[in-house]
Amino acid sequence: MASPEWQKQKQVLEYKEGVWRAILQRAQELRRLPPAKQGSQAVQAEIKQLNRNAGMQRQVIADKEIVQQVEANRAACLRTALSSYRLCIATGNTHDLQVVYRLCGLWFKLSSDASVNGALGDVFSSVPSAKFVPLVYQMASRLDSSEGSFQAVLKTALSRLMREHPYHTLYSLIALRNGDVDGGAQVQTDQGKAAAAASLLEELRGKGPQGFMQAIDDMVTQVQVFIELEKAVKVPRNAQGRVLQKQVALPGSVRRRLLAVQHAPPICINLPLDPSCRYEDIPHVTEVDSVVDLPGGINVPMVVRTTDSAGNLQKQLVKSGNDDLRQDAVMQQFFGLINDLLSSSSASQQRQLSLRTYRVVPCSPKGGAVQPQGGAVQPQGWCHAAPRVVPCSPKVGVVQWVDGTQPVGDYLSEGAMKEGGACARYRKPGNMTWFECHQRMHSSKPEQLKDNLLYCMAHFPPVFHNFFLERFPQPSAWFTARTAYTRSTAVNSMAGAVIGLGDRHLNNVLVDLATAEVLHIDLGIAFEQGMFLSTPERVPFRLTANVVDGMGAAGLEGTFRRCCETTLQALRSHKEALLTVVEVVLHDPMYKWQMTPVKAQRRQQDPIAADGGGAAAATPAGPAAGAAAASSGAASSAGGPAGSGAAAIGNADAERAVLRVKQKLEGQDVEGGVAMSVAAQVGKWLQSAQDPDRLCRMFVGWAAWQ
């Protein structure tokens, strides 16, 4: 149905229908002419010509019948598939991973069909609700204030999910309700969706038992505390706006509000999913540190430390300002699903392939909190494997804090001028410094970029293999760590290539100091939006000299290439499930992923220009930078993304993003292209990632020579 041939046939049919309507209209006009004019030679000739075209009606009718039959057969096949999936998920657990995503994907496509909605209503009432928890974000994003069978079934299903698994689902509803909280003009909010979420939340609160009502109130309280934290905490700055301290006091009022939460767990805790829905002995906050840490950054994120009733220390990184954590939340859900798919593949299980993930809880339009997991995901069952991604509103959120990790960029080159780190420790006489490479590339003319990059790479040898010698001196530990690094780099590379993940400078790649696994952070540039930065990104993932150096003498061959092929094979085998997650961009009213000129300027910042507090000045690296800066004011004056016509443009962009992911999962470079094998597709991506013609045109702060 989506093939070019079928679309062309429909266009021809529409053209014929238009011609036939014109013939009928002209025939009616001729009949209304006076008898004297009807008898003229010219009119009679025209009438004969129209009569000769009368056969077109039969062609149009026949073609329409064919189209209607094909569409009816398609709808019948979809309903049959829906019924079969319903029976499969109701009678066993073996194929839950594939079936749940495909079932919901078909439901969303046939949402206007009342019979399909009725069938899904039976599914949601008879199948254990835990099976649908991973898709609560996709389901909630389709809420609105309209009436109809789809909305009725959707609200009933969400009500059951949130009553039986409140700690895994309610944050999605709170986020939808908070869609317009402190968002400003840059946040486009569907008021109908926000109103529907508020209505459902109030309905849940009014009809639930006392303990459930208290849990809702406590979860809302935690979200509100983190939304207001930026205003509550006083951060001292100098005249230039630079942060002066690494710690500041946490106001007593904030501590008291967090300590008053007794019926909900800490916002970033990873509770196991309980199919019995009992959720007994849920930990709650018992102690809140009197100070918050300021780790540095443009928007001054804050680390809040709490202790729960089980005695566990919880660190939450609260982010606000221009950081949009909703995309991180969707990316973590995507990565969690990839872990589920890898755990279901015997080849990937044999190689212990997985992605390091962290929990993201957006709370309001301008901030959030983050908290990465301490170890690699070890899936025990598909409902439990994916990290809980619980959005709370567009731009404020909580992210798990990363303990025991270090940015690869800091290990290699640290300091304001990148004069420290391993590159400095192991530099030999005659080799260039990081700053010298930066200056050489920054001052290069376009025709000199490739030659200068090759010169820098020849005089700035990679040193990342020393990380394993320093951290893992025992041979067996060294081999285990290097293997874990190679495998995790392969999985991250393939996942990043499929989703179009950009902005992979080495400070966004963390390495675990205990296991050497890599963890990617700051996932705000995805769906190939890096191509629209001031200096477009031209590589599918980062595979520069130091990244390859950590893999040992074999480099890209052997372990790395085999793990890439195994990962991509697993992803291509489950493209329907992956596309269901990606398609959230079409329906989430809070999700703002398209690149804007202001966002592009903010993203590409030269580390040499950064101050000690984490702020940095944008350094244009090409003619596109000036154009982006000039257009940012025009975009603001025009109302930015919320202006008229932006919704249609944004939807078209989202359709394009989903199409590109689908093409990659089918092995195609462009629509209609020849599908490549897994090995050929991996080979092409590896070649592109190391192509000096592409690398030399990357943004200078990306440090392609490193």
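1. Lys450 is partly exposed, at 31% relative accessibility. The cut-offs are under 20% relative accessible area for buried and over 50% for exposed, with partly exposed in between (1.4 Å probe, protein chains only). Asp693 is partly exposed too, with a relative accessible area of 35%. The side chains of Lys450 and Asp693 meet in a salt bridge, 3.3 Å from N to O. A salt bridge here is a side-chain nitrogen of Lys or Arg within 4 Å of a carboxyl oxygen of Asp or Glu. The pair links distant parts of the chain: Lys450 sits in helix α19 (residues 449-458) and Asp693 in helix α29 (residues 692-695), 243 residues apart. Helices (H or I, at least four residues) and strands (E, at least two) are DSSP runs, numbered from the N terminus.

2. A word on the basis. This is a predicted model, in which local features need pLDDT of at least 70 and side-chain atom pairs count only at pLDDT 80 or more, while totals for chains, interfaces and linings use all residues. Residues are numbered from 1 along each chain as its sequence is written, and side-chain values use heavy atoms, with hydrogens and water left out.

3. The structure holds 19 salt bridges. One of them joins Glu576 to Arg102, with the closest N and O atoms 3.4 Å apart. Glu576 lies in helix α24 (residues 575-582) and Arg102 in helix α5 (residues 96-109), so this pair ties together parts that are 474 residues apart in sequence. Glu576 is partly exposed at 34% relative accessibility. Arg102 is partly exposed at 27%.

4. Glu203 and Lys207 form a salt bridge within one helix, at 3.8 Å from N to O. The two are 4 residues apart in helix α10 (residues 191-207), which means a separation of about one helical turn. Glu203 is partly exposed at 38% relative accessibility, whereas Lys207 is exposed at 69%.

5. Ser573 belongs to helix α23 (residues 559-573). Ser573 is partly exposed, at 37% relative accessibility. The side chain of Ser573 reaches the backbone oxygen of Gln569 at 2.8 Å. The C-alpha atoms of Ser573 and Leu341 are 9.0 Å apart, although 232 residues separate the two along the chain.

6. The whole structure has 8 cavities of 30 Å³ or more. A cavity is a set of points on a 1 Å grid over the protein atoms alone where a 1.4 Å probe fits but cannot get out; lining residues have an atom within 4 Å of a point. Grid points are joined across faces, edges and corners, and a volume is the space filled by probe spheres set on the points.

7. The largest cavity holds about 190 Å³ of space. It is lined by 18 residues, and the closest to its centre are Thr489, Val509, His520, Arg542 and Val547. Elements giving two or more residues to this lining are α21 (475-499), β11 (518-520) and α22 (545-549). Helix α21 gives the most, with 5 residues. By class, the lining has 10 nonpolar, 6 polar and 2 charged residues. Ala, Val, Leu, Ile, Met, Phe, Trp, Tyr, Cys and Pro count as nonpolar, Asp, Glu, Lys and Arg as charged, and the others, Gly among them, as polar.

8. The second largest cavity has a volume of about 50 Å³. Its lining includes Cys423, Tyr426, Arg427, Lys428 and His459. By class, that lining has 6 nonpolar, 2 polar and 2 charged residues.

Note on methods: A polar contact is a pair of N or O atoms within 3.5 Å; within protein, one must be able to donate a hydrogen and the other to accept it, and residues adjacent in sequence count only if both atoms are side-chain atoms. On a 1 Å grid over the protein atoms alone, a cavity is a set of points where a 1.4 Å probe fits but cannot get out, and a pocket is an open set with protein on both sides within 12 Å along at least five of seven lines; lining residues have an atom within 4 Å of a point.
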